Amino acid sequence: MQHSTADRSSRRRPIVLTTVIVFCSAVALAAACNQTTGISPDDPALIARGKDIFRFDTFGDETFWTDTLRMHEVIRSAVDPTTALSVGLKVDTDSLPPAVVQGIKNGSISLTSPATTVALLKLNAVVGVMGTVTTINGKDVLTRVGITCALCHSTVDNSFSAGIGKRLDGWPNHDLNPGAIIALSSALTPAQKAVYNSWRKGKYDARYNFDGLNGPSVIPPAYGLKGVTSVTYTGDGGELAYWNRYVAVTQMHGHGSWVETRATPPENVQNPPDMVTSKLAALQAYQLSIQSPPAPIGSFDAAAAVRGRVVFDGAGKCATCHAGTHFTDAPGRLHSPTEVVSEPEPNNAPSLASRSATKMYRSTPLRGLWQHAPYFHNGVATTLDAVVEVYNTRKALNLTAQQKADLVQYLKSL
Ligand code: HEC
Ligand code: HEC
């Protein structure tokens, strides 16, 4: 589903991005500065710009979500807020004026009317969805719609009600059912709709539109990645910008270019004008600034976790691959599908590794594990107990019940 429609939108862009150039002193700051751009990745203005891009930038992908998929039509006619919340879309209360908050509370604003969804989009309150609302004959009409990174990699804290609250950037949205949302499009064949509808909550197949195969991956967190120098489940890239470009151009269908000669067949997507490249440094800086959410106090047994660490480093042999401060041996070493405990894939799906550039798996950097079940690229382990059990069986570790329980507590603490 690639397209090369030129960007002809002259629509409202909610965020005006200003270019911030920070010059690094070659002597004093060389280590902290990105050599190619001359901009420090830790520069607060760069990070702030990246945050806006992460939350609000569509890279011009309205040409796909509006002109090709015609999502604006289905949203404005059939997607009321209750339906939107049921497919995992989130509402950001910080974007809602007090009167709207009050109206939702007292029921005077209907959550079963698509017009309310359009009103929320006009307020820029639907996480990861950007709408352009035009007044036509005195009525607000959704005329364009696009998506941002936040759609899949942000959620909310539910402080108002389920699905409505303050943004939590970097937290994967495992309530989101991207396939079911895309399948609402009138522009798809029944066969395509069947594939999209098979993905289920929290999963997305970032290869389907290239190879036509069906094996969705769990949406991973975009936090806790500072210092990690191998990205994606299959270690395809060395830095986030590599994958951010892939997703922005080939999955969100924003305007830019993507070339990957390691893929079979080689990938070359050109969708001018380039609205991606100039944003990658800021986007990456923002993601690297997002820390993993620490395990809530009381969510694990601290004494057992201390014992579990000994199992992790010793009898469990976990540290042979999950090594160092980031718990990964990548990029130095990637692992073949025969070494990982998550294959074969469920539902006879094709191996994710076989569909990647490396044909291998990266030892996932372990962070925020308490937060983002299910585990492994395909989600085959729904709990950390299940993770430990599968390693114990598949790797013949012969751990005692006590060792397994302690190891689980340690994983919960990471
Ligand atoms: C439709 C859902 C979706 C959207 C939109 C999306 N992603 Fe992702 N993202 C995924 C999935 C699924 C993966 C796992 C792919 C893989 O590793 O093979 C992923 C992987 C990642 C990773 C890798 C994490 C790691 O552990 O290496 C990062 C970082 C990331 N995305 C950031 C972004 C950014 C930035 C954007 C916007 C340019 C974005 N994503 C848009 C679904 C999405
Ligand atoms: C041979 C190397 C290797 C060993 C040994 C190993 N792992 Fe892994 N681990 C991996 C790889 C590769 C992945 C990614 C697999 C996937 O996503 O399907 C992974 C994924 C995981 C995940 C999922 C993380 C997430 O965010 O989804 C957890 C948890 C984990 N390992 C814990 C452990 C524990 C506990 C042990 C010891 C009992 C262990 N690993 C031993 C290589 C290893």
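Hello everyone, let's begin at N209, which sits in helix 10, residues 208–211. Please keep in mind that what we are looking at is a predicted model.

Now to ligand 1. There are 25 residues around ligand 1, and the ones that come nearest are C149, C152, V231, T232 and Y233. Which elements each supply at least two residues of that shell? They are helix 7, at 150–153, helix 11, at 240–251, and helix 12. Helix 11 gives the most, with five residues. If you sort the shell around ligand 1 by class, you get 19 nonpolar residues, six polar ones and no charged ones.

Helix 12 comes up again in a helix pair. Helix 12, residues 280–289, packs with helix 1, residues 44–56, at an angle of about 95°, and their axes are 7 Å apart. So helix 1 is roughly perpendicular to helix 12. On the helix 1 side, the contact is made by L46, I47, R49, G50, K51, I53 and F54. On the helix 12 side, A281, A282, L283, A285, Y286 and S289 take part. The residues of this contact divide into nine nonpolar, two polar and two charged.

Next, the nonpolar cores. The largest one has 64 residues, and L121, V126, V129 and V145 have the most contacts inside it. Which residues does V126 touch, leaving out those up to four places away in sequence? V126 touches L89, V91, L120 and L121. There is also a second, separate core, this one of 16 residues, including V311, L384, Y410 and L411.

On to ligand 2, which has 24 residues around it. The closest are C318, C321, S342, F376 and H377. Two elements give two or more residues to this shell: helix 14, at 384–394, and helix 15, at 401–413. Helix 14 gives the most, with three residues. By class, the shell around ligand 2 has 14 nonpolar residues, eight polar and two charged.

Let me finish with the loop between helix 13 and helix 14, where F376 has its place. The phi of F376 is near 75°, a positive value in a residue other than glycine. F376 is buried, because 20 other C-beta atoms lie within 10 Å of its own. F327 lies in that loop between helix 13 and helix 14 too, and its phi is near 60°, again positive in a residue that is not glycine. Why does F327 count as partly exposed? Because it has 19 C-beta neighbours inside 10 Å, and a buried residue needs 20 or more.

The loop between helix 13, at 302–313, and helix 14 also holds P344, and the peptide bond from E343 to P344 is cis, with omega near 0°. P374 is in the loop between helix 13 and helix 14 as well. The peptide bond from A373 to P374 is cis, with omega near 0°.

Note on methods
Residues are numbered from 1 along each chain as its sequence is written. Chains are lettered from A and ligands numbered from 1 in the order in which they are written. This is a predicted model: local features need pLDDT of at least 70, side-chain atom pairs count only at pLDDT 80 or more; totals for chains, interfaces and linings use all residues. A residue is near a molecule or strand if its C-beta atom, placed from the backbone, lies within 6 Å of it. Helices (H or I, at least four residues) and strands (E, at least two) are DSSP runs, numbered from the N terminus. Ala, Val, Leu, Ile, Met, Phe, Trp, Tyr, Cys and Pro count as nonpolar, Asp, Glu, Lys and Arg as charged, and the others, Gly among them, as polar. A nonpolar core is a set of buried Ala, Val, Leu, Ile, Met, Phe, Trp, Tyr and Cys residues joined through C-beta atoms within 7 Å. A residue is buried if 20 or more other C-beta atoms lie within 10 Å of its own, exposed if 12 or fewer, and partly exposed in between; C-beta atoms are placed from the backbone. Two residues are in contact if their C-beta atoms, placed from the backbone, lie within 7 Å. Axes are lines fitted to C-alpha atoms, for helices over the stretch in contact, and angles run from 0 to 180 degrees between N-to-C directions. Angles under 35 degrees count as roughly parallel, over 145 as roughly antiparallel, 65 to 115 as roughly perpendicular and the rest as oblique.
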